[in-house]
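Let's take a walk through this protein together. Have the sequence and the 3D view ready as you read.

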Amino acid sequence: MKSERTLVIIKPDGIQRALIGEVIKRYERTGLKLVAMKMTVATEDMIETHYSVDPNWKMVTGQKAIDAYRKKGMVPPSENPLELTAIILKKLRKYMSSGPVVAMVWQGMNAVGVVRKITGSTEPLTSDVGSIRGDLTIDSYQMADTDERAVRNLVHTSGSTDDAAKEIALWFKDGELINYKLVQEAILYDVNLDGILE
Ligand code: GDP
Ligand code: MG
């Protein structure tokens with residue numbers, strides 16, 4: 001559990017908003033350990049592969065979009081989740097390859113869940129106060145739909161440990177992940193806090 005890993009991508013809007021440091025700070029201060037990081041420009045095909053690592057993603061995301069329309073009293077453009085995801089994926093390919101991104105691997109206890117919690121839910125307009133998406137941007141599904149683009153929500157984070165393993169393998173080579181100790185891990189994980197008092 002202490003070595004759980006998750007992938008974070010600061011999306012092109014996060015880079016353009018000059019939020020690289022702010023985003024990293026929020027994950028870093030939890031005690032999670034940064035074990036890999038790179039800046040890169042993704043191809044549209046890479047983005048499609050990335051969002052296809054979870055075979056359920058298309059169904060779940062389409063349903064989530066349909067539910068969001070209904071909750072606002074709006075009629076979804078299709079009742080078929082897969083049709084909605086196809087539209088979202090087309091916009092995502094463009095958005096995520098529109099400029100440089102920063103990809104990172106964070107490691108530590110419950111890394112996937114901790115990172116999701118700090119990131120906030122998908123739509124910034126309704127993300128919790130205190131989360132990255134809730135605090136640092138203002139986009140909404142409605143605005144994104146009006147302008148026929150993906151929701152700009154600053155970061156991607158893996159949805160599960162299974163997805164994380166596949167996404168990390170897609171974005172990083174084995175040798176790019178660094179095994180090292182952080183002194184603070186003793187405080188986070190050791191059974192006894194020995195050696196503090198002199
Ligand atoms: P995440 O795990 O919270 O990032 O959300 P998902 O995995 O469900 O969706 C991936 C990305 O697609 C999101 O981060 C958004 O950028 C975009 N997206 C998801 N759902 C919608 C939607 O209903 N409309 C639009 N325009 N974009 C969406
Ligand atoms: Mg996701």
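Predicted model: local features only at pLDDT ≥ 70, side-chain atom pairs only at ≥ 80, totals over all residues.

Residues are numbered from 1 along each chain as its sequence is written, chains are lettered from A and ligands numbered from 1 in the order in which they are written, and side-chain values use heavy atoms, with hydrogens and water left out.

The protein is split into domain 1 (5-41 + 99-189) and domain 2 (53-97), with bounds that come from an automatic or database domain assignment. Between the C-alpha centres of the two domains there are 21 Å. Domain 1 puts 22 residues into the contact and domain 2 puts in 13, contact meaning heavy atoms within 4.5 Å.

How much area is buried between domain 1 and domain 2? About 1400 Å², with carbon and sulfur atoms giving 59% of it; buried area is the accessible area (1.4 Å probe) that two parts lose on being put together, summed over both. On the domain 1 side, Y141, D145 and A150 supply 28% of what that domain buries against domain 2, more than any other three residues.

D145 turns up again in a salt bridge: its side chain meets that of K91 (4.0 Å, N to O). The term stands for a side-chain nitrogen of Lys or Arg within 4 Å of a carboxyl oxygen of Asp or Glu, and the count between the two domains is 2. As for the makeup of the domain 1 side that touches domain 2, its residues divide into 8 nonpolar, 4 polar and 10 charged. Here Ala, Val, Leu, Ile, Met, Phe, Trp, Tyr, Cys and Pro count as nonpolar, Asp, Glu, Lys and Arg as charged, and the others, Gly among them, as polar.

Now for V101, which sits in strand β3 (residues 101-107); strands (E, at least two residues) and helices (H or I, at least four) are DSSP runs, numbered from the N terminus. V101 is buried, at 0% relative accessible area, where buried means under 20%, exposed over 50%, and partly exposed in between (1.4 Å probe, protein chains only). M39 is 62 residues away from V101 in sequence, yet 5.6 Å away in space, C-alpha to C-alpha.

Finally, find T137 in the loop between α7 (132-136) and α8. T137 is buried too, at 13%.
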